Amino acid sequence: MEYKIIKLDKFDTKSVIREVAKEYDVKVKEILGRRNSPWIVNARWEVIRILNDIPFKLSASHIGRILGKDHSSILYALKKLNEPKLAS
């Protein structure tokens, strides 16, 4: 997965979700929703990555509450995001 550069004007969770949605050309409602289309999952995982990183450092439970997901789904996403990529 290739990361995009997301410029944040404000450091709050709503701003993160809004900016990622704009950058990935999806709606905020889709990031917070249940659909698992690849382009939505990529945007959602980017939100998870940002919220788990500095300056936020939110827990999986907290990120799950923000996104309406179970904490185990957040842990799975973080695990996948941190896996080394195999060269083909």
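In helix α5 (residues 71-82), the residues Ile 74, Ala 77, Leu 78 and Leu 81 are buried, where buried means under 20% relative accessible area, exposed means over 50% and partly exposed is anything in between, with a 1.4 Å probe and protein chains only. They sit on the same side of α5, because they cover an arc of only 100° around the axis; that arc is taken from the directions running from the helix axis to the C-beta atoms. The cover over these buried residues includes α3 and α4 (60-67). Helices here are DSSP runs (H or I, at least four residues), numbered from the N terminus.

All of this comes from a predicted model, in which local features need pLDDT of at least 70, side-chain atom pairs count only at pLDDT 80 or more, and totals for chains, interfaces and linings use all residues. Residues are numbered from 1 along each chain as its sequence is written, and side-chain values use heavy atoms, with hydrogens and water left out.

As for its length, α5 has twelve residues and spans 17 Å from its first C-alpha to its last, close to the 16 Å expected at 1.5 Å a residue. That expected span is 1.5 Å times one less than the number of residues.

Next comes a pair of helices. Two packed helices are described by the angle between their axes and the distance between the axes. For helix α1 (residues 13-24) and helix α3 (residues 38-52), the axes come within 10 Å and cross at roughly 145°. Axes are lines fitted to C-alpha atoms, for helices over the stretch in contact, and angles run from 0 to 180 degrees between N-to-C directions. On the α1 side, Thr 13, Val 16, Ile 17, Val 20 and Tyr 24 make the contact, and they meet Asn 42, Ala 43, Glu 46, Val 47, Ile 50 and Leu 51 of α3. Contact means heavy atoms within 4.5 Å.

The loops have some backbone details of their own. Lys 57 is exposed, with a relative accessible area of 58%. Over in the loop between α1 and α2 (28-32) is Asp 25, a residue other than glycine with a positive phi, near 55°. Asp 25 counts as exposed, at 70% relative accessibility.

Methods:
Helix = DSSP H or I, 4+ residues; strand = E, 2+ residues; numbered from the N terminus.
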